[in-house]
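Take a look at the model below.

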Amino acid sequence: MASSSSPTNIVDTAHFQALLSADLNRVSLINFWAPWAAPCTQMNTVVAELAKKHPALLALNVEAEALPDIAESFDIEAVPAFVVLRGHTLLARIAGADAAALTKAIATHIAGPTPPPPAPHARTHAAPPANETPEELEARMQRLMTQTRVVLFMKGTPEEPRCGFSRKISTLLKEQDVKFSHFDILQDEDVRQGLKKLNDWPTFPQLIVNGELVGGLDIVQEMVENGEFDAVMKGT
């Protein structure tokens with residue numbers, strides 16, 4: 001039985017579905033987190049405080065990478081991330097360690113009538129340059145890819161990555177003594193989508209060397225293991 005005053009750690013999909021379905025009028029807060037992410041540790045405390053403040057709230061902690069089926073069902077691509085539901089109806093999504101926005105969302109939906117829900121998977125992104133044409137976007141992406149010899153397009157930053165793949169590749173680059181700059185694609189949806197087309201590579205992270213795509217985590221790991229990565233770095 002889930003406690004009404006503290007978050008419940010979800011152990012599997014069946015556990016998650018049973019708790020959500022137990023009371024379809026109840027407001028639930030789903031906290032998608034990862035143990036390696038410092039912002040998640042901070043936000044876990046915020047979630048615990050919200051659960052104590054609002055006994056009617058069902059607070060659920062979901063370790064995103066350990067329970068990928070649940071994370072993927074809510075289109076979670078980075079942590080921390082939060083979903084607020086009433087029963088199975090989406091009320092709000094909050095991306096990142098935004099304690100103020102999360103606190104406000106919970107207070108709003110616990111306290112009063114539920115406003116019309118947003119479209120599923122609605123996201124807020126940093127505004128692109130005003131009136132940027134496709135040609136200007138491509139030029140901007142080219143500049144970003146050549147800002148330094150080695151550029152990592154990732155989710156989050158090397159100090160505070162927001163997905164496991166980004167964390168692993170930035171750690172790998174540091175272990176290989178590679179100096180690199182980075183760009184957080186979660187902050188610019190135009191660059192995020194544009195790079196997928198420009199580099200013909202659908203996922204992130206993307207490692208760029210001398211303006212050319214090397215690959216994602218799996219490719220870079222393989223190149224390190226077979227010696228190709230060292231040759232690429234020394235040959236450029």
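**Hairpins, sheet and pocket**

In the hairpin of β4 and β5, two residues sit between the strands, and Gly 87 takes a positive phi near 65°. Helices (H or I, at least four residues) and strands (E, at least two) are DSSP runs, numbered from the N terminus. β4 and β5 run antiparallel and share six bridges. Two strands count as paired if DSSP finds at least two bridges between them. Within this pairing, Val 83 stands opposite Arg 93 in β5.

This is a predicted model, in which local features need pLDDT of at least 70 and side-chain atom pairs count only at pLDDT 80 or more, while totals for chains, interfaces and linings use all residues. Residues are numbered from 1 along each chain as its sequence is written, and side-chain values use heavy atoms, with hydrogens and water left out. The predictor's confidence in each residue is its pLDDT, from 0 to 100. The mean pLDDT of the protein is 89, and 89% of its residues reach 70 or more. Over residues 113-126 the pLDDT is below 50, and this stretch has 23 contacts in the model beyond near neighbours in sequence. A contact means heavy atoms within 4.5 Å.

Now step back to the sheet. It is open, has five strands in the order β1-β3-β2-β4-β5, and its pairing is mixed. Its edge strands are β1 (8-9) and β5 (89-95), each pairing on one side only. Strands of a sheet pair through backbone hydrogen bonds, either parallel or antiparallel. β1 pairs with β3 (residues 58-63) in the parallel sense, over two bridges. There, Asn 9 stands opposite Asn 61 in β3.

Strands β8 (residues 206-209) and β9 (residues 212-215) run antiparallel and are joined by three bridges. Val 209 stands opposite Glu 212 in β9. Two residues lie between the strands of this hairpin, and Asn 210 takes a positive phi near 55°.

Next, the backbone exceptions. Most residues other than glycine have a negative phi, and most peptide bonds are trans. Asp 177 is not glycine, yet its phi is positive, near 60°. Asp 177 lies in the loop between α6 and β7 (181-184). A cis peptide bond joins Val 79 and Pro 80, with omega about -5°. Pro 80 is in the loop between α3 and β4. The peptide bond from Phe 204 to Pro 205 is also cis, with omega near 10°. Pro 205 sits in the loop between α7 and β8.

Which rings pair up? Rings of Phe, Tyr and Trp (its six-membered ring) pair if their centres lie within 6.5 Å; planes under 30 degrees apart count as stacked, over 60 as edge-to-face and the rest as tilted. The count comes to three aromatic pairs. In one of them, the centres of Phe 16 and Phe 74 are 6.1 Å apart and the planes stand at 90°, so the pair is edge-to-face. Phe 16 is in helix α1 (residues 13-21) and Phe 74 in the loop between α3 and β4 (81-86), so the pair ties together parts 58 residues apart in sequence.

Last, a lining. The second largest pocket is lined by 22 residues, and Ile 76, Glu 77, Lys 155, Cys 163 and Phe 165 lie nearest its centre. On a 1 Å grid over the protein atoms alone, a pocket is an open set of points where a 1.4 Å probe fits, with protein on both sides within 12 Å along at least five of seven lines; lining residues have an atom within 4 Å of a point. α3 (68-73), α6 (164-175) and α7 (189-198) each supply at least two residues of this lining.
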